[in-house]
Amino acid sequence: MTTEFDQIATRILAGGQATEADALAVLQAPDAELMPLVAAAGRLRREHFGNTVKVNYLVNLKSGLCPENCNYCSQALGSDAPILKYSWLSTDETLQQAGAGLRGGATRVCMVSSGRGPSNRDIDKVAEMTEALKEEYPEVEVCACLGLLKDGQAERLKAAGVDAYNHNINTAESNHDNIVQTHTYGDRVDTIGKVKDAGLSPCSGLIAGLGETDEQLVEALFALKELDSDSIPVNFLMPFDGTPFENTWELSPIRCLKILVMARFVCPDREIRIAGGREMHLRSLQAIALQVANSIFLGDYLTSEGQDAKADIAMIRDNGFVILGAEDEFAGDSGEPSIRRRGAGTEVPANA
Ligand code: SF4
């Protein structure tokens, strides 16, 4: 039987586009339609990405101590979340952390720092780290995520060998001022424009579960399509204690899966990455979500633990997928999300 969602997928595969009404229909589909939804989105996923999963690894270069007030963020001004706080890692520490992720199966290293945006000296540091990383791991893809960029900074990162730059829009423009007041939606879009102009691959995504409506989720996805984001991290709010969003639980596993399906319909050929909150919110549907999304973070997030990296790799392989750019076999067991107490900023080895 051909479902409504299968018809949408067929239209998109023939060169058409999902409409806002299609996207809303996905979000509002009855739960009993979940498998047809996944099957339809899976056709698009396999058309563009086959059975590959891209594995990314986060290195938090500078943790906490941020002057911005993003309400969802454990590193924000005013957050009492009990996270690790530290200033810049050295190049050696960064290489050590990134190496753990790369040996664990990642092909992209995402180097992130807290803060409104980098100084020119910060750009120099990241440039040095990138050059050192590429010398040791010539195949690595480097993504930087350093906040709002000033003129010329994206070009300097590009010249140092940075491949991509992440700056999430996070939510719909119409919801943005409810989640942060120290910068504007326009500031964020401006940085994505600078990234594109410098020839870096733009990575921009969202966080679901910030009090947005279905229509605002659709608005955010169409904005990302318009911005031409190459990779789209879909985060699910982790409501840290000590932040304004503590105790905000708006998401169910099925809701998260529908959000990923919508993202695939709207941006069929883009890297859809299941990002922060994967384990906490998708729970037992994580594996099914790989039928829709084609990218994950390995192991830990910036300030919270992910499931064991070996469990991530096992999940990929158990479900018939292969890791993009890596052939090694891994196996392992699972863990539960909790505050990160290992890797960068600690004496304990990273989760990879
Ligand atoms: S999201 Fe970035 S800019 Fe916002 S508070 Fe967190 S670290 Fe600072």
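Two residues are in contact if their C-beta atoms, placed from the backbone, lie within 7 Å of each other. The structure shown is a predicted model, in which local features need pLDDT of at least 70 and side-chain atom pairs count only at pLDDT 80 or more, while totals for chains, interfaces and linings use all residues. Residues are numbered from 1 along each chain, as its sequence is written.

View 1. Leaving out residues up to four places away in sequence, V109 touches Y57, V59, A98, G101, L102, L133, V140 and V142. A nonpolar core is a set of buried Ala, Val, Leu, Ile, Met, Phe, Trp, Tyr and Cys residues joined through C-beta atoms within 7 Å. A residue is buried if 20 or more other C-beta atoms lie within 10 Å of its own, exposed if 12 or fewer do, and partly exposed in between, with C-beta atoms placed from the backbone. The largest such core has 104 residues, and Y57, V109, Y165 and L260 have the most contacts inside it. Helix 10 (residues 253–266) gives the most to this core, with 9 residues. Helices (H or I, at least four residues) and strands (E, at least two) are DSSP runs, numbered from the N terminus.

**View 2. Strand 1 and its partners.** Of the 11 residues of strand 1 (residues 52–62), 10 are buried, so this strand is largely enclosed by the rest of the structure. Two strands pair if DSSP finds at least two bridges between them. Strand 1 runs parallel to strand 10 (residues 322–323), joined by 2 bridges, and V53 has I323 as its bridge partner there. Strand 1 also runs parallel to strand 9 (residues 295–297), with 3 bridges; here K54 is partnered by S295. With strand 2 (residues 108–113), strand 1 pairs in the parallel sense over 6 bridges, and N56 stands opposite R108. From strand 1 the chain passes through helix 4 (residues 91–103) to strand 2, in a right-handed β-α-β crossover. A crossover is right-handed if, with the strands pointing away from the viewer, the path from the first strand over the helix to the second runs clockwise.

**View 3. N60 within strand 1.** N60 is found in strand 1 and counts as buried because 26 other C-beta atoms lie within 10 Å. Apart from neighbours within four places in sequence, N60 is in contact with V112, L302 and A344. The C-alpha atoms of N60 and Y301 are separated by 8.5 Å, although the two residues are 241 residues apart along the chain.

**View 4. Strand 8 and its neighbours.** E271 and R273 point one way from strand 8 (residues 271–274), I272 and I274 point the other way, and all are buried. Strand 7 (residues 231–236) pairs with strand 8 in the parallel sense over 4 bridges, and S231 has E271 as its bridge partner. Strand 7, helix 10 and strand 8 form a right-handed β-α-β unit. Strand 8 also pairs in the parallel sense with strand 9, over 2 bridges, where I274 stands opposite I296.

**View 5. The surroundings of the ligand.** The ligand is surrounded by C66, E68, C70, C73, Q75, A76, S114, R116 and G147. A residue is near a molecule if its C-beta atom, placed from the backbone, lies within 6 Å of it. This shell divides into 4 nonpolar, 3 polar and 2 charged residues. Ala, Val, Leu, Ile, Met, Phe, Trp, Tyr, Cys and Pro count as nonpolar, Asp, Glu, Lys and Arg as charged, and the others, Gly among them, as polar.
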